[in-house]
Amino acid sequence: MQLEDFPSGPYNRYKIYGGDQRDELRESIRNHGILVPLIVRPLAGGGYQIIAGKNRRSVAEELGYTSVPCIIRELDDDEALMQLNITNLQHRQLLPSEKAYAYRLEVEVRNRQGLKSSTCGQLGHKSRNLISTKESGRQIQRLIRLTYLTEEFLLDAVDTKLLSLGAGEMISFLSAQEQRLVSQYFFEQKGGEVKYRQGRRLSIKNAHMLRELHDSGTSIDELTLDSLREKTSTRYRKLQLNMTEIRRQWPELAGMTEKEVTALIKDALEAYFASK
């Protein structure tokens with residue numbers, strides 16, 4: 001049976017495993033075989049297309065397998081993409097961009113099926129009800145906004161945590177031309193990886209300011225970006241923690257350092273906003 005991979009595209013950004021994940025899968029298949037069959041669909045011109053299991057097929061070929069167990073399903077394009085995304089959402093640690101396109105696809109499929117989801121709030125909550133129980137509707141809304149980032153560098157920056165999800169969400173509201181300028185100003189590629197240009201960082205505060213400028217119709221150019229740090233420093237004051245007061249209010253924190261308390265507050269704020 002001839003097998004071919006599902007074609008790559010915005011809604012299929014999933015990559016072949018590497019590193020530890022591939023090593024673990026290889027050892028499992030070597031010792032126990034392929035325990036979970038691949039899911040495939042027949043192609044009009046003959047052969048089959050892999051919907052779920054391309055990593056298993058890839059590792060099996062590496063180990064010398066000439067055949068793999070498969071479940072054949074008759075799926076149209078929407079059904080195939082949904083099966084692909086649901087499988088990956090359930091079984092792997094996904095990058096933000098991978099989740100973003102999976103959730104957006106699910107919303108678009110629902111719309112094509114006549115299930116209305118015309119507002120941002122509905123997008124998130126309807127996606128959560130169908131394919132996610134781990135993330136809030138607000139978090140899914142923020143992820144879906146990442147699909148409006150028109151520059152691959154910006155998506156890569158979110159995936160590698162150079163750019164926060166909140167900052168990515170704000171930048172996604174800019175025009176394609178503005179996003180290109182932001183991408184070129186802040187980021188470059190070194191050794192195959194996206195890196196910040198020396199001395200430049202794009203904080204969520206800066207991203208909020210850029211969106212405000214865009215929404216007000218103000219032109220964003222390189223001079224605007226040069227002035228961001230100065231504007232940020234005058235508009236946003238640094239938060240100073242009074243550790244004595246904090247430990248008095250919450251005695252449980254008495255044994256923690258200021259750095260540990262700061263990290264705890266940051267985690268609590270992220271959890272709070274993720275639940276919105």
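A helix here is a DSSP run of H or I with at least four residues, and helices are numbered from the N terminus. I needed that before looking up the loop that holds Lys-161, which runs between helix 7 and helix 8 (165-171). I note at the start that the model is predicted.

**Entry 1: overall**

I looked up the make-up of the protein and found 13 helices and six strands. Of its 276 residues, 41% are buried. I then checked the contacts with a separation of 6 or more: 63% of them join residues 24 or more positions apart.

**Entry 2: Lys-161**

I went back to the loop between helix 7 and helix 8. Is Lys-161 buried or exposed? Its relative accessible area is 74%, and the cut-off for exposed is over 50%, so Lys-161 counts as exposed. I also wrote down its phi, which is positive at about 65°, although Lys-161 is not a glycine.

**Entry 3: Met-170**

Next I moved to helix 8, where Met-170 lies. With a relative accessible area of 8%, under the 20% limit, Met-170 is buried. I set aside its neighbours within four places in sequence and listed the contacts of Met-170: Ala-207, His-208 and Arg-211. I also looked up Asn-206, which is 36 residues from Met-170 in sequence, with 9.4 Å between the two C-alpha atoms.

**Entry 4: charges over Phe-173**

Arg-211 came up again when I turned to Phe-173. It lies over the face of the Phe-173 ring, 3.6 Å from the ring centre. I found Arg-145 there as well, with its charged end over the ring of Phe-173 and 3.8 Å from the centre.

**Entry 5: aromatic rings**

How many aromatic pairs does the structure hold? I found three. Tyr-185 and Phe-186 make an edge-to-face pair, with 4.9 Å from centre to centre and 75° between the planes. Phe-186 also pairs with Phe-187; their centres are 6.5 Å apart and their planes stand at 55°, so this pair is tilted.

I then looked up burial. Tyr-185 is buried. Phe-186 is buried too, at a relative accessible area of 3%, and Phe-187 is buried at 1%.

Two packed helices are described by the angle between their axes and the distance between the axes. I looked up both values for two pairs.

The axes of helix 4 (residues 96-112) and helix 7 (residues 152-159) come within 8 Å and cross at roughly 115°. These two helices are therefore roughly perpendicular. Which residues make the contact? I listed Pro-96, Ser-97 and Tyr-101 from helix 4, and Leu-155, Val-158 and Asp-159 from helix 7. Sorted by class, the contact has four nonpolar residues, one polar and one charged.

Helix 4 also packs against helix 6 (residues 137-145), at an angle of about 100° and with the axes 8 Å apart. That angle makes helix 4 roughly perpendicular to helix 6. On the helix 4 side I found Pro-96, Lys-99, Ala-100, Tyr-103, Arg-104 and Val-107, and they meet Ile-140, Leu-143 and Ile-144 of helix 6. By class I noted seven nonpolar residues, no polar ones and two charged. Pro-96 is on my list for helix 7 and on my list for helix 6.

Note on methods:
Residues are numbered from 1 along each chain as its sequence is written. This is a predicted model: local features need pLDDT of at least 70, side-chain atom pairs count only at pLDDT 80 or more; totals for chains, interfaces and linings use all residues. Side-chain values use heavy atoms; hydrogens and water are left out. Rings of Phe, Tyr and Trp (its six-membered ring) pair if their centres lie within 6.5 Å; planes under 30 degrees apart count as stacked, over 60 as edge-to-face and the rest as tilted. Buried means under 20% relative accessible area, exposed over 50%, partly exposed in between (1.4 Å probe, protein chains only). A charge sits over a ring if NZ of Lys or CZ of Arg is within 6 Å of the ring centre and within 35 degrees of the ring normal. Axes are lines fitted to C-alpha atoms, for helices over the stretch in contact, and angles run from 0 to 180 degrees between N-to-C directions. Angles under 35 degrees count as roughly parallel, over 145 as roughly antiparallel, 65 to 115 as roughly perpendicular and the rest as oblique. Contact means heavy atoms within 4.5 Å. Ala, Val, Leu, Ile, Met, Phe, Trp, Tyr, Cys and Pro count as nonpolar, Asp, Glu, Lys and Arg as charged, and the others, Gly among them, as polar.
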